[in-house]
Amino acid sequence: MNAKYSLSLLLTAALAACTTVGPNYQSPAANAPPAYRAAAPVAGAELQRDWWLMFGDAQLNALEAQALQASPTLAAAAARVDRARAVFGAVKADELPRVDVGGSVTHLRTSAKSVTTPVLGGQAITFDGTNTGIQASLGWEIDLWGRVKRQAEASQAQLDASTLDAAAARVALTADVAAAYWQWRALADEATALQRLRDSRGNAFKVAQTRFDAGSSTMQDLERVRAELAAADADMADLPRRQALLANQIAALTGQAAAELKLQASPLATPPQIRAGLPSELLQRRPDLAQSLAQLHAATAQVGIAEAAFYPSIRLTGSFGYQSKELGDLISAPARLYNVGPSISLPIFEGGRNKANLAGAKAQVDESLAAFRGRLLQALREVDDALAELQGRATVVDAQNRTLSSAGQALTVAKSRYDKGAVSYLDVTEAERTPLATERALAQLRGAQWAATAQLVKALGGGWTPAGT
């Protein structure tokens, strides 16, 4: 049996024995509840990828476009995807043979005085000449146990995780921009209501001062009205700080300096309802949950890589080329040289390193699985929190609207009685206090409703859907 036949037989047997060690990835059971704790409305708008467009707010649309283009957070996430893609390409290259080509020109002269120089008839035999060569080499690992395959599988899963991380960053960014923007607009509404309340308290103080000077009211009445005016002034003085902080947040989220940000205020209406769907749909809605599963997939593939280290590895290596002292004879049959043959490596003693690596890989799978389950519970909580916030705020808004209606009627009665001379103007300003304070509370509540809407959008995954669906 010649060498070539033996080599062919060995390779055939090796390839026939190829298998993939380690567990295959299986998606874990989500175990999601049948419904959210909050009574989520069945009706409502379905989120699209660019979900903010559903609100028809040109200013918000511009802010979101600016954030998607200039956000450093998204730029960093995109760079991580590019890096993971490059790593995946390098790992996939290990599945193919490696071929190198080289050439050399060497001028060699041996020493006549060296102890290794041969001597014939008392005369040292030396060499002085040029050697020219070209050579191609081949190296390929026969993937007997699927180690290379598992490496590619793990790298692909890591690339998927990086891509999903970028998608999750996009969802979080767009929701945070909308939340800050709506809170800024709510502050503008609150500022309008607070200015009216402050003006009313200012008029009440003037009336109280006049009545006190005339001796028709007590110092206690005057100081009470003065304290209410001071409280309104304090709230007015704090508004620019609160608005500046939100503007700074919006500027940072959209990748620009706060001084460059220009916003126009407009009243906020009641936010539209958004369909929450079922808890079991969250895996198809949230990229961070899909990312967690991709990380679990990568960890599972690492177990196969660790197991393959216990088995022998075979590499097929060879080289072919020409070597000649005369350049003109380089490409000729007598100048030809080659070598080819497999090499095998079998781990015998490695001090427990392979066992430790395998144990670590299995522990990583357990950690990734626990992380997924924890993230799923957090996602369910975030949706429930947002729904509870929206429903609770809606109930309070309804009660405040009833308060505003009753207080408005009371103010109308007070003005009518004032016109007839039955009460003083101070009674009118006192009747204004409740409706104006309620208007301010309603502005704050609308801001909370819109913030909860952004929270729900974020908790639902911001319209993200898996590729190909």
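Start by selecting Arg-242, which is partly exposed, with a relative accessible area of 26%. The model on screen is a predicted one. Now show the side chain of Glu-190 as well: Arg-242 and Glu-190 form a salt bridge, with 3.2 Å from N to O. This pair joins distant parts of the chain, since Arg-242 lies in helix H5 and Glu-190 in helix H4, 52 residues apart. Glu-190 is buried, at 2% relative accessibility.

Next, select Glu-439 and Arg-196. Their side chains make a salt bridge in which the closest N and O atoms are 2.8 Å apart. Glu-439 is partly exposed at 24% relative accessible area, and Arg-196 is partly exposed at 43%.

Go back to helix H5 and select residues 219-253. The helix has 35 residues and spans 51 Å from its first C-alpha to its last, close to the 51 Å expected at 1.5 Å a residue. Look along it to Asp-238, where H5 bends by about 25 degrees; a proline, Pro-240, follows within four residues. To see the buried residues of H5, colour a selection that includes Leu-222, Val-225, Leu-229, Leu-239, Leu-246 and Ile-250. Just after the helix, Gly-255 has a positive phi of about 70 degrees.

Select Arg-224 and Glu-228, whose closest N and O atoms are 3.7 Å apart. The two are 4 residues apart in H5, so about one helical turn separates them. In an α-helix, residues three or four places apart point the same way, because there are 3.6 residues a turn. Arg-224 is partly exposed at 35% relative accessibility, as is Glu-228 at 21%.

For a salt-bridge network, select Glu-46, Arg-275, Glu-281 and Arg-285, which are linked to one another in this way. The model has 25 salt bridges by the rule used here.

Finish at Arg-150, in helix H4 (residues 147-213). Is this arginine buried or exposed? Arg-150 is buried, with a relative accessible area of 1%. Show Asn-24 too: a polar contact of 2.9 Å joins its side chain to that of Arg-150. Apart from neighbours within four places in sequence, Arg-150 is in contact with Thr-20, Val-21, Gly-22, Pro-23 and Asn-24, and also with Ala-301, Gly-304 and Ile-305.

Key: Residues numbered from 1 in each chain as written. Predicted model: local features only at pLDDT ≥ 70, side-chain atom pairs only at ≥ 80, totals over all residues. Heavy atoms only, no water. Expected span 1.5 Å × (residues − 1). Bend = angle between axes of the 7 residues up to and from the residue. Buried < 20%, exposed > 50% of the residue type's maximum accessible area, 1.4 Å probe, protein only. Polar contact = N/O pair within 3.5 Å; in protein donor to acceptor, adjacent residues only side chain to side chain. Contact = heavy atoms within 4.5 Å. Salt bridge = Lys/Arg side-chain N within 4 Å of Asp/Glu carboxyl O.
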